[in-house]
Amino acid sequence: MFRTSARRALAVTGGLAVAVGGGSYLLTSKSTTPFPKVQSRRPPPSWTPPSRQSMIDDIKKTDEYDLLIIGGGATGAGVAVDAASRGLKVALVDRDDFSSGTSSKSTKLVHGGVRYLQKAVFELDYEQYKLVREALHERKIFLQTAPYLSSPLPIMLPIYKYWQMPYYWAGCKMYDVLAGGENMESSYLMSRGKALEAFPMLKSDGLVGAVVYYDGQHNDSRMNVALILTAVKQGATVLNHAGVTQLHKGSNGRLEGATVVDNLTGEALNIKAKGIINATGAFSDAMLALASGHPELHKPIVQPSSGVHVTLPNYYSPGTLGLIDPQTSDGRVIFFLPWQGNTIAGTTDTPSPVERDPAPREEDIQWVLEEIRTYLAPDIKVRRGDVLSAWSGLRPLVRDPNSTKTGTEGLVRNHLINVSPEGLLTIAGGKWTTYRAMAAETVDAAIKEFALQDRMKGDGSCVTEHLRLVGSDGWTPNMFISLIQRFGIETEVAKHLAADYGDRAWAVCAYARPTNERWPLHGIKLSPQYPYIEAEVRYAVHNEFAQTAVDFLSRRSRLSFLNVQAALDALPRVIDIMAEELHWSRRRKKQEYNQALTHFKSMGLQNIVVEPESWKEWVGRTLHFSDPRKTVTRTGRAVFAPGELDSIKSAFHIHAKPSTIEGKNDQQLRLDSSELREAVTQLKSFEAITQKQIGYVLREAGFEGRPEVDIDEFVEICSTLKEVNQLPPPSSTRKPQRTRIPVEKSGGGV
């Protein structure tokens, strides 16, 4: 087996070495992020987008749009930017918020797909090669058009077999060569010692070295908001929380408009358009069925796949280096990446039903944690209680409706543009990295299909390759210093504002209120752990179309993705601020609170006890209930009630026996591991604990295989069991299906 693998690796290495030698002159060490030319310390000219009500008024008074785009995720927003920048009159609607679906739940990478290059080489797959090449080109454009929201990230690939060293090195070098002059930084080898120095959490046993290559990383929903604002600045009309309920057909049977209902007010709006684009991602089939008029006859084109990610504390990884595990137990790739001050890990690839707000399955979370354990040092206990947030995003894997192939063979490799008999142009599939190229292709198809050639300005060609997004023009890497000096805000807050808002951070700071402290002077935090400030809530309402508390906590800021408990703690204050700005009634505030709790459950928050009938107005961040015993049960580190710890110690002493520790003469009370379940189930909080849960906790705590445990270890086991006991039961006893979707057709993430 080794000889075959070694010969195969050497053969591939030799071929790649030729490519590396022939293309090495193309490599460059310069960053793809353009060097800032702005030297002024003054804020850029202010620009405030029209209000949401202005958008509604525009829809009412406009006789006909050139294009109506349904869906405000990465694809729909990208199409709106492209079409509006060509001079077309564009309207975009989304039944939820912009980026409320898959586009805010990605792996946060801007990448060409190094794993797919491997498939292209081994299987001599030219189509896969072209997809990697296109993605690498788009990666460069991505980092240039939104430099404040995206940046290069070094990613380590640890190596545990000597023969893999030249193989992985040559593969990463070919990745560099394909990028050519658009490369970020050259990949490089690391010795075992250097790898452990750079990533001390890595498992050292058997490690022989590592290869580090570069890809991009971004803030996905903030990028989506920037696209929406750029489309508005180019003349587009956008409306979130407005769902299409009916599609209108003309006398020729072709679509010519839609009825859109404002979900916040219930008002119905009629929009007439020459062409309609379906950019609803995983929900594409619902719109196609609505257009056909015969939902029962519609043949689905989307096979949704659930990708689950978890957020862990920052101590799980270095702050500036990611890691990829290319050989998980089921063949998928897992990324382990620093992001926004924490660590994210994922993803799974599991067939899934289409849901509006999918929740991650507990077995998928456990699978991700098990895979993490295989490449982290054994002294690191990967605990379920360390999961700060967890989310599930639906990848819209697409089936060509004209294909005769069944199963996964019928899935397209990247994206699909299709025009239905009714004239609904659908764009589905793809990933975040290639959103711009997909949008350009979609607008080209729409111009041809809906005869819009005479509606464009200039020659009508795509200009988005050089169109910088809102917030980019006045941004520089050192802009945060000017914010500190001008407004007296914390350094951490200033860096966050510059990275999330670009040159619009000046406008955000204008909303900042005094702290009444010696330092910082301005910028009251929503959570003491994170750099989000109250001014961002007010800014999001007036400048970014935020209409609900979840809009802000999940998509304008990323607090619920970073720490869902912190988002819950900040929720009352966020609602208070939005109520001031949007003049909400007490009833609306109560509705916002309950809707946010429902959303947080889909982000990994469990066991929330809410009594709406006893809910009262809160003051600041403190919730008051009529019955003080009715509280919110929080996940995270277990907290023992008064007397509970004494009961645990008492249960230990009842079942423990004196035992002599090997190598010592004295005896100590120890509990036989076979009696653990009997001991813990006698406790009031642990009656329902199963042997399977005990086995999981023993593995998590590093006690698996131990014949006995002492009193301190027993308390630790009970503490972890309390965390596990709060988790939902697995949805199925069957092993999750992950290998049904070929890796080369999964889009490489979103």
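Predicted model: local features only at pLDDT ≥ 70, side-chain atom pairs only at ≥ 80, totals over all residues.
Let's start with the helices. Two packed helices are described by the angle between their axes and the distance between the axes. Here, helix α5, residues 126-145, and helix α6, residues 164-179, have axes that come within 9 Å and cross at roughly 65°. The crossing is right-handed. On the α5 side, the contact is made by Tyr129, Val132, Arg133, Leu136 and Arg139, and α6 brings Tyr175, Leu178 and Ala179. Six of these residues are nonpolar, two are charged and none is polar.

Now for the rings. The model has 14 aromatic pairs. One of them is Phe142 with Trp432: the ring centres are 6.1 Å apart and the planes stand at 75°, so this pair is edge-to-face. Phe142 belongs to helix α5, while Trp432 sits in the loop between β18 and α11, so the pair ties together parts 290 residues apart in sequence. Are these two buried or exposed? Phe142 is buried, at 2% relative accessibility, and Trp432 is buried too, also at 2%.

Tyr175 is in helix α6 and Tyr213 in strand β6, 38 residues apart. Tyr175 is buried at 2%, and Tyr213 is buried at 0%.

Back to Phe142: ring pairs link Phe142, Trp432 and Tyr435 into a cluster.

Last stop, charges over rings. The charged end of Arg95 lies over the ring of Phe283, 4.6 Å from its centre. Likewise, Lys203 has its charged end over the ring of Tyr160, at 5.2 Å from the centre.

Technical notes:
Residues numbered from 1 in each chain as written. Heavy atoms only, no water. Axes fitted to C-alpha atoms, helices over the stretch in contact; angles between N-to-C directions. Helix = DSSP H or I, 4+ residues; strand = E, 2+ residues; numbered from the N terminus. Left-handed = near helix turned anticlockwise from the far one by under 90°. Contact = heavy atoms within 4.5 Å. Nonpolar A, V, L, I, M, F, W, Y, C, P; charged D, E, K, R; others polar. Phe/Tyr/Trp six-rings, centres within 6.5 Å; stacked < 30°, edge-to-face > 60°. Buried < 20%, exposed > 50% of the residue type's maximum accessible area, 1.4 Å probe, protein only. Lys NZ or Arg CZ within 6 Å of the ring centre and 35° of its normal.
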